[in-house]
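This report walks through one predicted model of a protein chain. Please keep the sequence and the structure in view while reading.

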Amino acid sequence: MSDKKQYHRDKLRNSLLDAGRAYLKQHGHNGLSIRTLAQEVGVSPGAPYYHFPDRRSLLLALATEGFNEMLAGTEQVLAGKASPADKLRRMGLLFIRFAEENPHLLDLMYESELTTPTLDPMLLEFQRAGHNALREQVVGALDGVDKTHADVRVVAYWSAIYGFATMRKKGVLRPSDDGALPSVDIAETIVDITLRAVLAPD
């Protein structure tokens, strides 16, 4: 294959993914199809199949982009000189902000045909990487904690962070006129309360 043809094919893949992200942002993943993206980027209906043989492969590529973006942020946090507890805090806030900015992409990554009834192996690897990054900081913050206990604390932390982000995304948590829920952003408070509980000594 000539370099020119390879360039155009690589450019088409990127264009399809960009169009896919734009569609996700507006409509979510349920109605997304390869034919729809072909129309969006102005190519024949068969052209995208060189890169994505079916809808699932397209969705997986989009979900992978999302996980790579999150992990890039995590790697920046881990590369810093902050304490393990502060790194845990930053990673929690990073996820909440990502969920806030990319609600439909988050659905694709965690609540779609890529995860139910069976979690795609590639996404499982991303989830394991995230869990391991959190566990490393728990171990660093709690001197002498064993692996199993650290894993349980990671699950507790992740459950609170993911649960908060999901409830807010679905509109379960929103400001109310009667003051039942605060009108200000409580993400940092939620992370801080959760972190104190997770890192409390036995």
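## Helix H6: length and faces

At the start of the helix, a side-chain oxygen of Asp-120 comes to within 2.9 Å of the backbone nitrogen of Met-122.

The buried residues of H6 are Leu-123, Phe-126, Ala-133, Leu-134, Gln-137 and Val-138. They cover an arc of only 140° around the axis, which means that they lie on the same side of H6. Behind such a pattern is the geometry of the α-helix, which has 3.6 residues a turn, so that residues three or four places apart point the same way. Pro-121 and Glu-136, by contrast, are exposed on the other side of H6.

Gln-137, which lies in H6, counts as buried because its relative accessibility is 6%, below the 20% cut-off. Leaving out residues up to four places away in sequence, Gln-137 touches Leu-78, Pro-84, Lys-87, Leu-88 and Met-91. The C-alpha atom of Gln-137 is separated by 14 Å from that of Ala-156, although the two residues are 19 apart along the chain.

## The crossing of H6 and H7

H6 and H7 pack at an angle of about 115°, with 9 Å between their axes, and H6 passes H7 in a right-handed crossing. On the H6 side the contact is made by His-131, Leu-134, Arg-135, Val-138 and Val-139, while H7 contributes Lys-147, Ala-150, Asp-151, Arg-153, Val-154, Val-155 and Tyr-157.

Val-138 is itself one of the buried residues of H6, and both Val-138 and Arg-153 take part in the contact between H6 and H7.

## Two loop positions

The loop between H5 and H6 contains Pro-117, and the peptide bond that leads from Thr-116 to Pro-117 is cis, with omega near 5°.

Asp-185 is found in the loop between H7 and helix H8 (187-198). With a relative accessibility of 42%, Asp-185 counts as partly exposed, and, when residues up to four places away in sequence are not counted, Asp-185 touches Arg-97 and Arg-168.

## The chain as a whole

The protein chain has 8 helices and 0 strands, so that the order of elements from the N terminus on reads α-α-α-α-α-α-α-α. Along its principal axes, the C-alpha trace spans about 60 × 45 × 35 Å.

Of the 202 residues in the protein chain, 37% count as buried. Among contacts between residues at least 6 apart in sequence, 68% join residues that are at least 24 apart.

Definitions and conventions:
Residues numbered from 1 in each chain as written. Predicted model: local features only at pLDDT ≥ 70, side-chain atom pairs only at ≥ 80, totals over all residues. Heavy atoms only, no water. Buried < 20%, exposed > 50% of the residue type's maximum accessible area, 1.4 Å probe, protein only. Helix = DSSP H or I, 4+ residues; strand = E, 2+ residues; numbered from the N terminus. Arc of directions from axis to C-beta. Polar contact = N/O pair within 3.5 Å; in protein donor to acceptor, adjacent residues only side chain to side chain. Axes fitted to C-alpha atoms, helices over the stretch in contact; angles between N-to-C directions. Left-handed = near helix turned anticlockwise from the far one by under 90°. Contact = heavy atoms within 4.5 Å.
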